[in-house]
Amino acid sequence: MGDTPRHNVLAAECQVFCRYLVERDAPDDILAAYDRAHEKGVVGSDGTATALDRALLRVARTGPILARAADAFAVTFAKPSLLRKKLVLLLAILESRGSTAAILDTATPGPRVVEVAVAGLHVARFVVTLCLASLLIVPLRIWYRVVDRPCGT
Amino acid sequence: MKPIVVVGSGASAVHFTLSALQKGRDVLMLDVGHARPDPVMPGGTFAELKDRLADPVRYFLGDNFEAVLFPTTKAEYYGFPPSKTYVFSGVPQFHWRATGFAPLFSFAQGGLAEAWTGGVYPLNEAELAAFPFSYAELSPYYDLIAKRIGISGAVDDLARFMPVHQHLMPPLNLDEHSQVLLRRYERRRESVNRLGCYMGRSRVATISRDENGRKACEYSGRCLWGCPSQSLYTPAITLEACRQFPGFRYTSGVYVRYFKVDRGGRVRAVVTEALSNGAIEEVPVDTLVLGAGTFASCRIFLESVFRATGELVTLDGLMDNQQILMPFVNLEMLRRRYDPATYQYHQVGLGLEAGAADQYVHGQITTLKTALIHPIVQRVPFDLKTSLAIFRNVHAALGIVNINLHDRRRPTNTVVLEPGSTATEPRLLIHYQVDTEEAERARRAMNRIKRVLWELNCVVPPGMTHVRPIGASVHYSGLLPMSEKQVPRTTSKFGQSHDFENLFFVDGTTFPFLPAKNLTFTLMANAARVADCIF
């Protein structure tokens with residue numbers, strides 16, 4: 001990856017999103033692939049982002065926990081958002097590599113009642129996260145709409 | 001004797017050609033012929049590709065990340081991998097516009113079947129009732145093709161819908177999910193059969209033992225990404241067999257524009273354009289065989305007629321199978337780990353009796369293993385972390401039923417040529433209107449299959465069944481149908497044009513009816529039949 005402000009923002013973003021999805025730092029080849037995809041315009045850019053896109057990215061880039069919160073908001077209210085596209089892109093990159101694919105996609109055998117309970121906890125966490133995310137993102141979206149300030153570089 | 005000139009190198013063209021060569025005829029094959037790239041890491045398994053390739057992201061997602069399905073794309077559950085992009089690469093000269101139809105075209109060596117999933121199902125007597133020949137006339141050619149390409153499968157409950165041909169190899173090893181499905185079917189057979197549904201092993205053009213220099217399936221798990229060992233048959237294998245004959249000449253990199261006719265109404269030459277430099281050449285013809293696929297063959301016919309007579313002919317009766325994708329979750333497979341070192345395409349088939357025997361509904365069940373997961377995970381209505389936590393314990397339980405319905409020739413479904421000018425190329429205009437009863441047929445089929453799946457301990461997630469656009473099945477046929485009557489815009493039972501006596505069609509152009517079963521086996525058998533009976 002290059003060393004321009006744009007590349008630095010993308011690299012930092014990729015690291016946060018990678019920690020969100022697989023709880024690992026992104027190695028160089030992941031960073032390079034992520035950057036290459038943005039160079040090719042595969043997901044669009046911050047320059048074409050809507051106010052909601054900017055709000056979501058601003059929150060998501062803060063760290064893995066808020067990335068999850070922003071993702072919860074986006075999947076519920078803004079499926080075509082730039083954030084969702086970036087996360088799906090990174091997911092596709094991660095599943096193409098052996099080590100990260102194994103993290104994403106290895107089942108944890110066990111009693112079904114445990115699985116149902118764990119799934120229920122995940123869904124409950126999603127609901128709570130979504131509520132908290134809404135408290136953050138809705139005001140921020142209004143802020144970006146009013147002020148119309150681009151975020152990042 | 002002059003060589004037979006064959007246009008195209010797909011499933012129909014290569015089997016016609018091989019049969020003609022075996023009878024001592026010379027053949028000149030003209031083809032655009034985009035070549036397949038060499039297989040990457042030929043001896044490696046699917047897991048090894050992800051671990052050992054220098055750039056697995058580029059391999060699985062493409063140079064331009066074209067294999068990534070984003071939330072905004074109204075795409076299918078699965079697409080074609082980057083390694084098969086060459087199959088669908090076009091040519092600058094071929095233009096088209098379609099309404100009500102989403103066609104795919106191929107100008108690759110081997111044609112569209114270079115990206116097929118290998119399902120091979122012979123038609124039965126009822127399905128051939130609209131054809132001017134019987135099952136008995138076609139049967140020897142199913143045997144011949146089975147011997148040539150290698151077909152594995154079993155004689156089971158599906159044999160009530162599919163005649164059993166010779167040279168059937170033992171079936172491939174089943175993956176765990178497919179085993180679970182068939183075991184459950186054994187236990188619930190009576191209930192499932194009461195729904196008019198019968199299940200069994202898919203018949204697939206993948207060899208289960210070494211044959212003719214090809215290695216048996218090694219279960220590398222790479223099927224979706226391109227079989228590296230030629231265990232899964234593709235027509236390029238038969239093209240290579242044709243090249244062993246001294247009487248065969250293969251000219252690729254040429255686009256056949258049209259044919260010229262003499263005053264007697266016989267084809268006397270084809271006009272070709274070299275893709276490299278645009279050079280136009282006339283190739284003399286004694287006998288012309290079009291096997292370029294229904295649309296490409298008909299485009300040549302339409303442009304030729306227009307140039308010869310000034311008439312813009314409309315061909316009607318275009319057919320394609322309506323296909324429905326029905327994902328399901330097998331409750332018995334939850335929290336299991338899938339094994340990537342298994343055969344990846346469909347291993348279980350099902351058939352629905354639906355009134356008249358020719359209205360049979362065909363289904364193939366593919367259990368999900370090594371396909372990309374991001375298209376599915378993003379559809380789960382939670383954040384990706386939550387979706388992944390759920391998905392990884394559901395992955396091995398996922399499957400998809402690909403449901404095929406039959407089609408009939410109807411006058412509303414047409415192809416016509418929009419002629420070009422000095423500045424523009426001619427354009428093929430395709431129009432398709434869905435039958436008013438199609439939606440009801442599809443609804444009934446879906447409801448029955450949901451009930452079948454329930455008997456198999458499988459649930460269909462609401463809202464995820466997807467009716468594919470017409471054109472997606474790529475089983476195009478019917479525009480110049482076989483007819484016992486010698487009328488224009490039809491052919492004889494041997495594909496001989498009733499408009500031009502030395503012109504033959506050996507692809508789906510001539511089929512008067514499109515059953516629900518995958519068409520390719522019958523295309524190959526029919527093409528071999530034409531070569532054997534006429535030449």
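## Confidence in the model

Chain B has a mean pLDDT of 95, with 98% of its residues at 70 or more (pLDDT is the predictor's confidence in each residue, from 0 to 100). The model is predicted, so to speak of local features requires pLDDT of at least 70 and side-chain atom pairs count only at pLDDT 80 or more, while totals for chains, interfaces and linings use all residues. Residues are numbered from 1 along each chain as its sequence is written, and chains are lettered from A and ligands numbered from 1 in the order in which they are written. The scores are ipTM 0.92 and pTM 0.93.

## Helix H8 of chain B

Let's start with H8(B), residues 294-309. Helices here are DSSP runs of H or I with at least four residues, numbered from the N terminus. At 1.5 Å a residue, its 16 residues should span 22 Å, which agrees with end C-alpha atoms 22 Å apart; the expected span is 1.5 Å times one less than the number of residues.

In H8(B), 12 of the 16 residues are buried, so the helix is largely enclosed by the rest of the structure. Buried means 20 or more other C-beta atoms within 10 Å of the residue's own, with C-beta atoms placed from the backbone. Among them are Phe295(B), Arg299(B) and Glu303(B). After H8(B) comes Gly310(B), with a positive phi near 80°.

## Where two chains meet

H7 of chain A (residues 112-147) packs against H10 of chain B (residues 384-391) at about 170°, with axes 10 Å apart. The two helices are therefore roughly antiparallel (over 145 degrees).

On the H7(A) side, Ala119(A), His122(A), Val123(A) and Phe126(A) meet Thr386(B), Ala389(B) and Ile390(B) of H10(B); contact means C-beta atoms, placed from the backbone, within 7 Å. These residues divide into five nonpolar, two polar and no charged.

Key
Axes fitted to C-alpha atoms, helices over the stretch in contact; angles between N-to-C directions. Parallel < 35°, antiparallel > 145°, perpendicular 65-115°, else oblique. Contact = placed C-beta atoms within 7 Å. Nonpolar A, V, L, I, M, F, W, Y, C, P; charged D, E, K, R; others polar.
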